[in-house]
Amino acid sequence: MDIYSAVPFSAWLALSGLLFTIGAIGFLIRRDPIVMFMCIELMLNAGNLLLVASARYRAVMDGQIYVFFVMTVAAAEVAVGLAIIVAIFRQRLDIDVDEMSEMRG
Amino acid sequence: MSNTTFDWIASLIKAVIIFVVLLQLVPVLIWLERKVVARMQQRIGPNRVGPFGLLQPLADAVKLMAKENIIPTGVDKLVYYLAPVISIVPALAAFAVVPFGEPIHVAGRVVYLQVAHVNIGILYVLALSSLAVYGITLAGWSSNNKYSLLGGLRASAQMISYEIPVGLTVVAVVLLAGSLDLLDIVNQQVKQGIWNIGPQFIGFLLFVVASNAELNRAPFDMAEAESELVAGFHTEYTGFRFAMFFMGEYVNMVTTSALATVMYLGGWHGFGPDVWYLNLIWFILKIFAFIIFYMWVRASWPRIRYDQLMGFGWKVMIPAALLNLAATAVVIVVAKERATLWLTAVNIALFVVFLAVLRLVNSRQLEQHRQVVPQPDAVRG
Amino acid sequence: MDFKYLWLIPLCPLIGVFINAFIGHLLPRKVSGAIASLAVLGSLIVSVMGLLHLLGLPEDQRVLHQSLFDWIATGAVHTQVAFVLDPLSAVMVCVVSGIGFLIHVYSMGYMAHDPRYPRFFAYMNLFTFAMLLLVLADNFLLMYVGWEGVALCSYLLIGFWFERPSAAAAGQKAFIVNRVGDWCFILGMLFIFVTFGSLTFQDVFAKVAAAPLAVPTVTMTIICLLLFAGATGKSAQIPLYVWLPDAMEGPTPVSALIHAATMVTAGVYMVARCHILFVHAPVALMVVAGIGAATALFAALIGLVQNDIKRVLAYSTVSQLGYMFMACGVGAFAAGIFHVMTHAFFKALLFLGSGSVIHAMHDEQDIRRMGGLSRWMPVTTWTFWIATLAIAGIPLFSGFISKDQILWYAFSSPLGGVVLWTVGVVTALLTAFYMARVTYKTFHGQPRMDEETQRHIHESPASMSIVLILLAVGAVFAGFLNMPEALMKIAPIGWLTHLFGASAETFSDFLAPSVGTQADVARALEMLHRQIVPTSHVWEMRLMGVTVVLSVLGIYAGYQMYVRKPGSAWSIARSAPWLYNLLLNKFYVDEFYKAVVVRPGMGLAYFLWRGIDVLVIDAIVNAVATIVGIFSHLFRGLQTGYVRNYAAGMVLGAIVVIWVLTR
Amino acid sequence: MTWIPFVLIAAVAVFFALYLVLSKNAVHGALSLVLVLVSLAIFFLLLGAEFIFIVQVAVYAGAIMVLFLFVMMLLNVGGAEGPLRENPSWQLAAAIVLGCVLLFEAALHIARAGEGVRHFPQAIAADFGSPERIGQLLFSSYLLPFEITSLVLLAAMIGAVVLALRRFP
């Protein structure tokens, strides 16, 4: 499919930026930590899209390697994050992030 | 007709054929399973509708279609509707890359006997099979029923866990073949003179067990354990939606069997002349052998407990698959051209040792069991 | 053809260290001692193999070099961990590991009842390792590692019985005095680096040899004086000799190791190693010779009146080291190293013999409470006598040959002269006298110990006696390796020398590629416009005669004063009490140092503590902490505990960063 | 006409991303995120990253999101309660303003980048994005990061196990 000649690089950039912003806003306005986590995943994926597009644009594969690493780190983050959420839930039976402010300075 | 157009049309035709054949296989398999299991349990099985009860699945289908569609209160309608569809689509889609014969030449053009010739086909199958869990999980969640929820919960954990040994055994096969292309994997088995079931015997066993768990079939059918969860994730489904889960399960079974055939049993190769229709017959025979094996397992094994299932997956299957992978890699690096030979020898030796140990352990357990059994007199006294 | 096993020489004892340090307490005692001895034996074997390999090479190629890995590679400094085995270091490693091995074996018997047995052997091995590293190093920096290593080990071993306050203090004294010398050594090293741009021996020496006049003589003299100052610390010369007599607080094998094989010879070795630098700095050489001669005489004088058997030996070591430096100072580096070797034999023998005595006497070290021991301890007595004769310079014993060479060069060298020779000869007389005094008072005459002790006196166990005998053999015959040409003319001596497979000055010839010859020194001096006075062998014989007569006289005097008329020494002392007290109190040097160095140092430290540390530095630190505290109190409000506030902050930060980056 | 697939898939991705942010139901959000991930996966395939495509589907959609669903079902959250409730309006406003500024900056930067950097090169290597190339890069230039990643995963694994095993009073 000859998508490269029709869609400029800047379109991919714009899409990536849009998705990232949506994820960021979502993270800011939601109170459910699981949804917030998913918003982080969305932001990471926006970054991945940018990396893959840049890799194609520069015809260098390093960007794809970075995506690989990002995914690995995301997997690790999800494992630990969800474990934390489960642990918190076990203790409090509720997981509203605004209720969890014991670390206040 | 340009090459691209030709390929598109060929793919389309192949896709339709596969789709139809797979879906038509489902009633056949239902009948077969009922018959096989019945015979194993010294029953007769379906025998009322048609000769040998052959039309029984048809009658069942009609019954399911005609049933009233009950939608329980409080379900999440969108997900509830989608779940059966999600459960069947990946199974069908995964079959797209499975080759069932050598590429043939039609009108001077190469036609692959698979819907799409993807050079990373095996990864594609893995990716799609990892999506299969959504159907069950979402069905369980959306039904607004605690048993269904438990079923879905179990299914998601179980399928994530057993995905890992499947992937690891597949990687061992890929190491042997040096390619991710399913065609290459088949051809490499012919070239090395022995099907992968030889050099990857342990891997084969692991794959069969793990894929059985992936299929959610007995003895690993924790998601629909009727003695604990009524009917698990599909408790609240009736009619055609219920039938779709059924279809999904059987199509998945066919796909898994086909994959096992391709990876371990030399695909479509067999005895006799190497012509495409004979090859096709060989391929189907092997798939059916697998399917009947799965039915046999279902008929003869009791369902295991959920914690046993997870413990088995994490403490036995994954380490064993990892060891298999590491050993395969080491042997390939060390023995180079003679890797197949060495692997076969090592696998058989290990299997023999394994059997011996198993026998030892079993006899010891039996011994202990015998000692524990109280004497009849003592009980009475 | 290459000899690739140099790295094994230091490694063997290092392995021993690790075994004894980490699992030594789990092993049976015998095993842990045996491991330590075997480790040193291993490096001895490799050393001897290396030496033989060197001997098999043509004379001008006798340098084995082995780089192990890059150690420091930053900018201008590029230092490798590399070993070099040339005749000089070959002789040194053989002496260190050979004598060291014998001392280890001896220690297995001597320390048998000590509760910290494995630790002792771990330290001993570490000591040997550090010394071997020092000797084998191919650059100043690696040498410095060994240099500090022996200082550390001397601290650990001298203070081995740290329950005794005196031992702990002696360990600290050794370490601190050494630090002074090390500091000078570092300065010298830095000067070398600044001047020559390298720390590798090969580079530095090649540069000096290629263009001797390129570096101003003043710079060269400063470098050499700094290096020599380092050597005075390590090798116990004036003014930094004070630690060595106190080092007697350690177990006797340790003293033997320090005095004979390791540590104190490091200074001599270093000066010999850097001989190219020194011959281009005649002033420094003169200082070396002067300090050496002064130390020799000074220590011998103190040794005359000491009553602790090990202390006498300690001062004799200081005095003998003075000889070695005198040899180096007149350009006779080979003679100096030769004296290091012979001295290693007889001094190890003396110490181990005295250890044997102390062992038998239940830790009694005062010779006034000994006497007549020869009837109980024949082996010890005989070997001790051999060592005494060797150190006193009785003809044909090893000490005689090496010492006379030094005296001859002191007289004949363009840098020497009658003064140096006279000092040396007087010292030889004193040496003979005080050694005779110790030997007679200990082994002959009437027993002066109490009954209880007397009943328990016994000859030492076999492991100790055998070592004594082996060392005695060395003390007798080592001299034949380097027989002076003058003596070769006397037929039986020449014949005996050839029997040992040696000829005249074999040892010096062997060392010549690494430390140069008198001719080299003369050439270097000529270049610096010094007058050369020719000398002859006739004079050598005459001077030798004088020395021999004086030595015999010294021993005879000892016999007269301590065996024939035991009261006479006391009456002499009474006749000049001020002199006796001066000597007995070691010229009040320790007291002088205490008044001049230690007291002001303590005062300064007190001022720094109370004035600078508490009032300035602590105050600054506390102020910083207070300020941080204030600010953190202010900013604490930012930490609301709400995740989304932090997230908003992050987004804001991202916005700012992107704005800055894309501006 | 060839931009139609791009626009379609991009529209799907953006729509479901918005759905994730706005939906009151966490499970629906998860499903929409899966769709976003899958559409991005298709983009990856279009951009010549076939291995990344597979990994995206298998790891993200197949494992990570299932884990999300699992946890949601385990905790039985994400039902009907509206998460946007009680959000102070100033917070909402601030979030949107911040997001808009971010987006504006991105757009500005893209617009200023100019015409010269816009189009993709036509020719790339035939095996661009293949598992083989990825493997070669991973085990040569990126070996150290790769090994470190394995440590990260190990740490995460241990962390998750510890957190899950702890017994709370």
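Trainee: Which residues does Ser156(B) touch, not counting residues up to four places away in sequence?

Mentor: Val133(B), Thr137(B), Val66(D) and Phe70(D). Contact here means heavy atoms within 4.5 Å. Keep in mind that this is a predicted model: local features need pLDDT of at least 70, side-chain atom pairs count only at pLDDT 80 or more, and totals for chains, interfaces and linings use all residues. Residues are numbered from 1 along each chain as its sequence is written, chains are lettered from A and ligands numbered from 1 in the order in which they are written, and side-chain values use heavy atoms, with hydrogens and water left out.

Trainee: Where is Ser156(B), and is it buried or exposed?

Mentor: Ser156(B) sits in helix H6 of chain B, residues 146-177. Helices (H or I, at least four residues) and strands (E, at least two) are DSSP runs, numbered from the N terminus. Ser156(B) is buried, at 0% relative accessible area. Buried means under 20%, exposed over 50%, partly exposed in between (1.4 Å probe, protein chains only).

Trainee: New topic. How many residues of chain D are in contact with chain A?

Mentor: 81, against 73 residues of chain A. The two chains bury about 7300 Å² between them, 78% of it on carbon and sulfur atoms. That area is the accessible area (1.4 Å probe) that two parts lose on being put together, summed over both.

Trainee: How many salt bridges does the rule find there?

Mentor: Zero between chain D and chain A. The rule wants a side-chain nitrogen of Lys or Arg within 4 Å of a carboxyl oxygen of Asp or Glu.

Trainee: Which helix gives the largest share of chain D's side?

Mentor: H3(D), with 13 residues. By class, that side of chain D has 62 nonpolar, 13 polar and six charged residues. Ala, Val, Leu, Ile, Met, Phe, Trp, Tyr, Cys and Pro count as nonpolar, Asp, Glu, Lys and Arg as charged, and the others, Gly among them, as polar.

Trainee: On to backbone geometry. Which peptide bond is cis in chain C?

Mentor: The one joining Ile238(C) and Pro239(C), with omega about 10 degrees. Pro239(C) is in the loop between helix H8 (217-234) and helix H9 (243-246) of chain C. Most peptide bonds are trans.

Trainee: What is the phi of Asn216(B)?

Mentor: Positive, about 60 degrees, although Asn216(B) is not a glycine. Asn216(B) lies in the loop between helix H8 (201-214) and helix H9 (226-229) of chain B. Asn216(B) is buried, at 2% relative accessible area.

Trainee: And where is Lys586(C)?

Mentor: In the loop between helix H27 (577-584) and helix H28 (589-635) of chain C. Lys586(C) has a positive phi of about 55 degrees.
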